[in-house]
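Good morning, colleagues. Please have the sequence and the structure open before you as I speak.

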Amino acid sequence: MKQKILIVEDEFIVANDLRIMLEKAGYKVCGIAPSVVKALELIGTKEPDWILLDIFLQGDKTGIDLAGQLTEMGIPFIYISANTNQGILEAAKATLPYGFLVKPFREKDLMVMLDIARYRHEQNLKYNQHEEPSLQKQIEHITEKKESSADRLKQVAAALYPVVPFQFLWITKSNPRVTTKETYIIRRDDGKFNTPNNESLLKEANISSRDFKAWNATAIVHNGKSIFNGYDFRKLRMENPWIQALSDHYKLESAIVCEIERDGETFQFVFFHHLSDLYTKVHTGIVNQFKKSWEQVLDKIIYSKDAVTETPLAIEISLEKPFIKTEQPPEPKDFNGIVGNSKLLHAAFKKLELVAPDDTSVLILGESGTGKEKIAQTIHKLSPRKNKPLITVNCAALPLTLIESELFGHEKGSFTGANEKRIGKFEQADGGSIFLDEIGELPLEAQVKLLRVLQEKEIERLGGNYTKKINVRIITATNRNLEKEVAEGRFRLDLYYRLNVFPIELPALRQRKEDIPVLTQYFIDKYGKKGSSNVSAISTAALNELQDYDWPGNIRELEHLIERTMVLTEGDTITAIELPGVTTPAVFNQDNQFKIKTMEEMEREHILSILKMCKGKIFGPGGAAEILNIPSTTLNSKIKKLGIKFEFVK
Ligand SMILES: Nc1ncnc2c1ncn2[C@@H]1O[C@H](COP(=O)(O)OP(=O)(O)OP(=O)(O)O)[C@@H](O)[C@H]1O
């Protein structure tokens, strides 16, 4: 059946051009609306599948105003606008569109954008359909169990968490608010849940019962608003002392509210998180989808006749130990060998946990040495594909002439030198995952082939005359700004959108210097166990030096430095560190004119100058590897080792 598209555009000529293009491509245009009011009327009567949305329209409402309602109605949309003002783009981005096309555009751009948007929408639907029945079923099953209320609540929390992450969930009756039972579910650092009763919670959070009574633990007055991120959350805190006290103690910085009506009473489920911008409409959408499940939780667990009446969870709770240590720094977190406690890293973990169980393509973004490969391995380990292979391909290290044969395989005799049949990386990864590292380096011809694999889910070996279906999850990574690569014509827009379904950004080490102490200790332990060094600690002064440095090579650079320093240290404590570029006076002569360089520094400078000369080209004729007369794979690993980044070359 033809997809129905509504065009919301106030310039008739543009709207008409759009209509002609869409109809030519096989879409049905079910209306043209010049204003939000007209758009809402047509949505009611024509039920479009998609909306193409201009931003500035007739009347006082904009496309961005309409976008919020479209999300609530579950209608996907793409912006088409001539406006590229940064503020407007940010506001448009926040409404989670499926695409943004800047006028004027080519017919081809529109079709590609629509094709990708439809693909992403299908993925989303699949994801939600996949989650919905199973979560609903799980909650139904849990509520029927013959276990204590507290145990069942914890199980509900564990089932819900991967879909809607939270640190703290508060369930309360908001209206009428006479005798209310407060229910709290708290996620501890070790991932387990606690369900303290009121008394335990007040004690733990240092809130006096007098204050609690005076505040009446006021439910959230939200005026229809359901997401409280950043500024909205700070405002909420100011208006509600109870939320302020909770968020101060549990370090909460965002919330979403879902309301349930039951027999004339209103209940609030308030989810809190310690990241200030975590929640989106996707989360409120999911929470609202599960209203039936919340009714079961209320009826069968919290207000069940079997539950002990006034404090239904009193049976559980004495918290064995406080789960947030406010005085001391939190315990170092080891997430499958990924060390770090910073908020930025935890934000990446959360995204990782959310996406790992699914088949969604993931794009990992971050500077060199930030741990992209480790994250890719963790995604695979946490996925149902974990017992199948994870095949890693470094796209930058593939010789240009062999890329296709490496990725897709070849038949014997398919080209000169193809003496044997080769099974390509995609086939090797069948049933598992493929990690395409440095995807930004993939030449355009190979990008076309990769796109085909993503679209058709099949490969064709070079020289083969048949195709083979494959089932591979794709994880990619890059340290390049792919949007810029697209703009400059080096990366295909369609491929970018296919890969960028779920981006995870890894922060640079200089953005999370609070992780340096735990990482340093982790590497001291790691190399202490391996080698002959007696080093087991680092002095505060040396640690301060590490924290003052900017770490262009990120964690890899820190790791190598610690390893090197341990070899040079005689006692059991590192007291001096020689940071690159932070030269000690000994290497200067008196007038500071001449600095003795290490072999590594010389090598780095030489490679950098050749790379600059070749404008960053590594492979092929005229590339840096050819000039330096070394294999491109060797050059590539030297570039990594020496912390030479693409930005230095340009
Ligand atoms: N958070 C972390 N905790 C412990 N070790 C880490 C962490 N992040 C990275 N490492 C280590 O740092 C080194 C570099 O990590 P990795 O190879 O995953 O980075 P990358 O971003 O993929 O780098 P590149 O872009 O250069 O390929 C590895 O030895 C890895 O084990």
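This is a predicted model: local features need pLDDT of at least 70, side-chain atom pairs count only at pLDDT 80 or more; totals for chains, interfaces and linings use all residues.

In which hand of crossing does helix H13 pass helix H14? The crossing of H13 past H14 is right-handed. H13 covers residues 343-355 and H14 covers residues 372-381. The two helices pack at an angle of about 35°, and their axes are 9 Å apart. On the H13 side, the contact is made by Ala348, Leu352 and Val355; H14 contributes Ile375, Thr378 and Ile379. Of the residues in this contact, 5 are nonpolar, 1 is polar and none is charged.

Let me turn to the open sheet. It has 6 strands, in the order S8-S7-S6-S11-S10-S9, and their pairing is antiparallel. At the edges are strand S8, residues 193-194, and strand S9, residues 227-228, each of which pairs on one side only. S9 is joined to strand S10, residues 254-262, by 2 bridges, and Ile227 has Ile256 of S10 as its bridge partner. Helix H12, residues 291-302, packs on this sheet and touches S6, S7, S10 and S11. The direction of H12 makes about 75° with that of S10.

Strand S1, residues 4-8, and strand S2, residues 28-33, run parallel and are joined by 5 bridges. Within this pair, Ile5 stands opposite Val29 of S2. Together with helix H1, residues 12-24, the strands S1 and S2 form a β-α-β unit, and that unit is right-handed.

Thank you for your attention.

Conventions:
Residues are numbered from 1 along each chain as its sequence is written. Two strands pair if DSSP finds at least two bridges between them. Helices (H or I, at least four residues) and strands (E, at least two) are DSSP runs, numbered from the N terminus. A crossover is right-handed if, with the strands pointing away from the viewer, the path from the first strand over the helix to the second runs clockwise. Axes are lines fitted to C-alpha atoms, for helices over the stretch in contact, and angles run from 0 to 180 degrees between N-to-C directions. A crossing is left-handed if the near helix is turned anticlockwise from the far one by less than a right angle, and right-handed if clockwise. Two residues are in contact if their C-beta atoms, placed from the backbone, lie within 7 Å. Ala, Val, Leu, Ile, Met, Phe, Trp, Tyr, Cys and Pro count as nonpolar, Asp, Glu, Lys and Arg as charged, and the others, Gly among them, as polar.
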